[in-house]
Amino acid sequence: MELNEKLLSLVADIYDAALDDSRWSTTLAGIVDLAGGQSGGLVRIGAAGEAAISHAVGVDPAYIQSYIGTYEPFDPSRGVLHAPVGQIQTIRDWIDVDEFRTTMFYNEWTRPQGLEDAANILLDKSAEGISRLSIMKAGGPVDRRMYQVISHLTPHVQRAMLVRQKLQQQNEQETNSVSTLDALRTAVLLLDAEGHITHANASARDFLGEGEILRSVRGRLVTNDMNVDRVLRQALAGTVVGDRAITSASISLHMTARDGSHYVGHLLPLTAGRRQRFGASYDACAVLFVSKAALDTIVAPDLIRKLFKLTPTELRVFLAIVEIGGVPDVARSMGIAETTIKTHLARIFVKTGTKRQADLVRLIAAFTPPIKV
């Protein structure tokens with residue numbers, strides 16, 4: 001295989017290694033072989049100065065350990081840390097060859113391995129640290145062929161390292177996002193435009209498993225209320241066509257379980273600002289928060305009382321209807337006759353401008369935080 005063909009093949013291997021870290025050792029071995037080197041390593045030095053060899057080939061593990069533990073501070077190749085990024089430098093760029101051969105580093109670490117020179121390239125430099133590539137040569141100094149091969153491959157190694165860093169950052173962000181979502185007691189479901197669930201946190205998975213108010217049918221979210229389903233589908237479709245009425249505001253949904261308990265949902269589009277970036281990482285256009293409508297989910301009961309001019313008893317009935325359910329159950333829990341509860345409920349309807357108990361739950365949704373930790 002001609003040199004150019006080998007170089008092109010190695011370039012492909014380098015980018016494959018960016019996507020699959022397990023490929024780096026084989027790829028690094030290919031670089032060392034084509035360049036005519038004996039060994040090579042990818043070295044990472046952190047912000048605090050600690051060195052670590054990410055990948056190495058052609059070096060005995062004992063020498064790797066002694067390099068990190070003892071010899072790295074005495075390596076003249078450290079001079080590459082002050083060189084321009086991407087520039088190839090050899091031992092001669094930092095120290096006279098005769099002087100180098102008198103050093104402890106040469107006599108105790110380099111010479112026993114049969115090494116004489118090394119090509120070093122600073123791949124990247126940032127506040128988090130630096131990365132460098134070292135290709136070590138036996139039997140003489142870095143020659144023209146080694147320089148030519150490394151010069152061709154260096155830009156691709158740099159890009160591959162950058163791609164790897166970006167992927168690692170993205171994976172860390174996704175891992176942190178998943179951990180944060182799973183820590184919430186509120187059910188959180190990320191949905192695409194057709195209602196498919198692209199992510200569900202632990203609480204949401206519990207809801208789906210119970211099937212009381214939410215179900216997953218072939219990966220698509222389904223509620224037990226056709227009207228809620230219709231509103232949900234329309235809202236999701238609206239995020240795609242850019243309906244301004246629903247692309248930024250949260251939409252409240254009321255859901256009732258088979259046992260009569262009430263749940264509040266908030267559908268928040270992920271099509272604007274920073275939300276859009278978050279949604280893109282999950283292939284989602286909206287996030288649905290679902291929690292049980294209960295006293296501890298209400299931000300300010302006193303605000304509701306003042307806003308609608310409810311008496312303390314009317315507020316108690318209002319909240320009990322939302323939390324407990326129908327008139328008979330509320331009457332039993334409060335120790336009041338059903339007729340009395342109905343009288344208070346009629347006054348509540350008038351004061352709040354509602355007509356049904358379900359309307360009260362929807363009203364509560366406006367005063368309920370979408371996220372419960």
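**Note on buried residues, cores, a sheet and salt bridges**

1. At 23% relative accessibility, R44 counts as partly exposed. This value, like the others below, comes from a predicted model. R44 forms a salt bridge with D124, and the closest N and O atoms of the pair are 3.2 Å apart. The two residues sit in distant parts of the chain: R44 is in strand β1 (residues 39-46), D124 is in strand β4, and 80 residues separate them. D124 has a relative accessibility of 15% and therefore counts as buried, the cut-off being under 20%.

2. The structure holds nine salt bridges. As background, side chains of opposite charge can pair when their charged atoms come close. One of these bridges joins K351 and E314, whose closest N and O atoms lie 2.8 Å apart. This pair also links distant parts of the chain: K351 belongs to helix α13 (residues 338-352) and E314 to helix α11 (residues 312-323), 37 residues apart. K351 is partly exposed at 33% relative accessibility, whereas E314 is buried at 3%.

3. D329 pairs with R332, with 2.2 Å between the closest N and O atoms. Both residues lie in helix α12 (residues 327-334), and they are three residues apart, which is about one turn of the helix. How accessible is D329? D329 has a relative accessible area of 35% and is partly exposed. R332, with 59%, is exposed.

4. S77 is placed in the loop between α3 (61-71) and β3 (88-89). Is S77 buried or exposed? Its relative accessible area is 3%, so S77 is buried. The side chain of S77 makes a polar contact of 3.1 Å with the side chain of N120. Apart from residues up to four places away in sequence, S77 touches I91, W94, N120 and R132.

5. S134 is part of strand β5 (residues 129-138). S134 is buried, with a relative accessible area of 7%. Which side chains make polar contacts with that of S134? One is the side chain of N120, at 2.3 Å, and another is the side chain of R132, at 2.7 Å. Once neighbours within four places in sequence are set aside, S134 is in contact with S39, G40, G41, A119 and N120.

6. The largest nonpolar core has 28 residues, and W24, I135, I150 and L153 have the most contacts inside it. At least two residues of this core come from each of α1 (3-19), α2 (24-35), β4 (115-126), β5 and α6 (144-183). Helix α6 gives the largest share, seven residues. For I135, the contacts beyond four places in sequence include L28, I31, V32, M146 and I150. There is also a second, separate core of 24 residues; among them are L208, V228, A235 and M255.

7. L122 is found in strand β4. With a relative accessible area of 0%, L122 is buried. L122 and G86 are 36 residues apart in sequence, but their C-alpha atoms are 5.5 Å apart in space. G86 is also among the residues that L122 touches beyond four places in sequence; others on that list include V80, L81, I130, R132 and Q158.

8. The bridge partner of H254 is V264, in β11.

Note on methods:
Residues are numbered from 1 along each chain as its sequence is written. This is a predicted model: local features need pLDDT of at least 70, side-chain atom pairs count only at pLDDT 80 or more; totals for chains, interfaces and linings use all residues. Side-chain values use heavy atoms; hydrogens and water are left out. Helices (H or I, at least four residues) and strands (E, at least two) are DSSP runs, numbered from the N terminus. Buried means under 20% relative accessible area, exposed over 50%, partly exposed in between (1.4 Å probe, protein chains only). A polar contact is a pair of N or O atoms within 3.5 Å; within protein, one must be able to donate a hydrogen and the other to accept it, and residues adjacent in sequence count only if both atoms are side-chain atoms. Contact means heavy atoms within 4.5 Å. A nonpolar core is a set of buried Ala, Val, Leu, Ile, Met, Phe, Trp, Tyr and Cys residues joined through side-chain atoms within 4.5 Å. Two strands pair if DSSP finds at least two bridges between them. A salt bridge is a side-chain nitrogen of Lys or Arg within 4 Å of a carboxyl oxygen of Asp or Glu.
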